[in-house]
Amino acid sequence: EAAARAARGAAIEGDAGLANLLAAWAQLEWERGELDAARALFQRAVDAHAGQAWLWRAFARFEAEQGSLFVARHCFARAVRADPADGETWSEWAAVEGALGNAERGAFFARRAAALLSQRDFGRGRRDAERPLHRPWFR
């Protein structure tokens, strides 16, 4: 029986489709006010595909809204580990750090978020030395 459970766990690990389904279901339960069910579903989603930053960020948002800021901090850290270049995660984590009273850390994370979001929005740092203000969407 233990071997069968281990094999089933290995088969589910890394299943993005299952993780997406579980996250959507968790969101539904959250909106319905079924918080214990939502938490369990978010946990199953990140267990199914831990490498997805957006899953960890959604779980962190949920925990922050419930007032579990230390758990939210952990989830944001996992999200950053999965995708360190995601500025939205850094920005939301900065707000949680501020709420926890860590103004300096929150400010650092906010600066990191601003840098990453500007890179994303303005061409990932690719500039033409001859035309530094040129943007590809302006013709």
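Which residues are buried in helix 5? I keep in mind that this is a predicted model. I found Ala72, Arg73, Cys75, Phe76, Ala79 and Val80 buried there. Seen down the axis of helix 5, these buried residues fall within an arc of 165°, so they line one face of the helix. I then looked at what that face meets: the buried residues pack against helix 4, helix 6 and helix 7. On the face turned away from the buried side I noted two exposed residues, Phe70 and Arg81.

I also checked the length of helix 5. At 1.5 Å a residue, its 14 residues should span 20 Å, and its end C-alpha atoms are 20 Å apart, which agrees.

Next entry, the core. I looked up the largest nonpolar core, which has 29 residues. Phe42, Leu55, Trp56, Phe59, Phe62, Trp90 and Trp93 touch the most other members. Helices 2, 3, 4, 5, 6 and 7 each supply at least two residues of this core. Helix 4 gives the largest share, seven residues. In soluble globular proteins, nonpolar side chains tend to be buried together.

Leaving aside residues up to four places away in sequence, Trp93 touches Arg73, Phe76, Ala77, Val80 and Phe109.

Is Arg57 buried or exposed? I found Arg57 in helix 4, and Arg57 is buried, with a relative accessible area of 10%. Beyond residues up to four places away in sequence, I see Arg57 touching Phe76, Ala79, Asp86, Glu88, Thr89 and Glu92.

Last entry, salt bridges: I have eight in the structure. I looked up three of the pairs.

- Arg32 and Glu29 meet at 3.3 Å, N to O. Both lie in helix 2, three residues apart, about one turn of the helix. Arg32 is exposed at 55% relative accessible area, while Glu29 is buried at 10%.
- Arg39 and Glu63 form a salt bridge with their closest N and O atoms 2.8 Å apart. Arg39 lies in helix 3 and Glu63 in helix 4, so the pair ties together parts that are 24 residues apart in sequence. Arg39 is partly exposed at 28% relative accessibility, and Glu63 is buried at 3%. I also noted that Asp36, Arg39 and Glu63 are linked in a network of salt bridges.
- Glu97 and Arg105 form a salt bridge, with the closest N and O atoms 3.8 Å apart. Glu97 is buried at 0% relative accessibility, whereas Arg105 is partly exposed at 39% relative accessible area.

Terms used: Residues are numbered from 1 along each chain as its sequence is written. This is a predicted model: local features need pLDDT of at least 70, side-chain atom pairs count only at pLDDT 80 or more; totals for chains, interfaces and linings use all residues. Side-chain values use heavy atoms; hydrogens and water are left out. A nonpolar core is a set of buried Ala, Val, Leu, Ile, Met, Phe, Trp, Tyr and Cys residues joined through side-chain atoms within 4.5 Å. Buried means under 20% relative accessible area, exposed over 50%, partly exposed in between (1.4 Å probe, protein chains only). Helices (H or I, at least four residues) and strands (E, at least two) are DSSP runs, numbered from the N terminus. Contact means heavy atoms within 4.5 Å. The expected span of a helix is 1.5 Å times one less than its number of residues. The arc is that of the directions from the helix axis to the C-beta atoms. A salt bridge is a side-chain nitrogen of Lys or Arg within 4 Å of a carboxyl oxygen of Asp or Glu.
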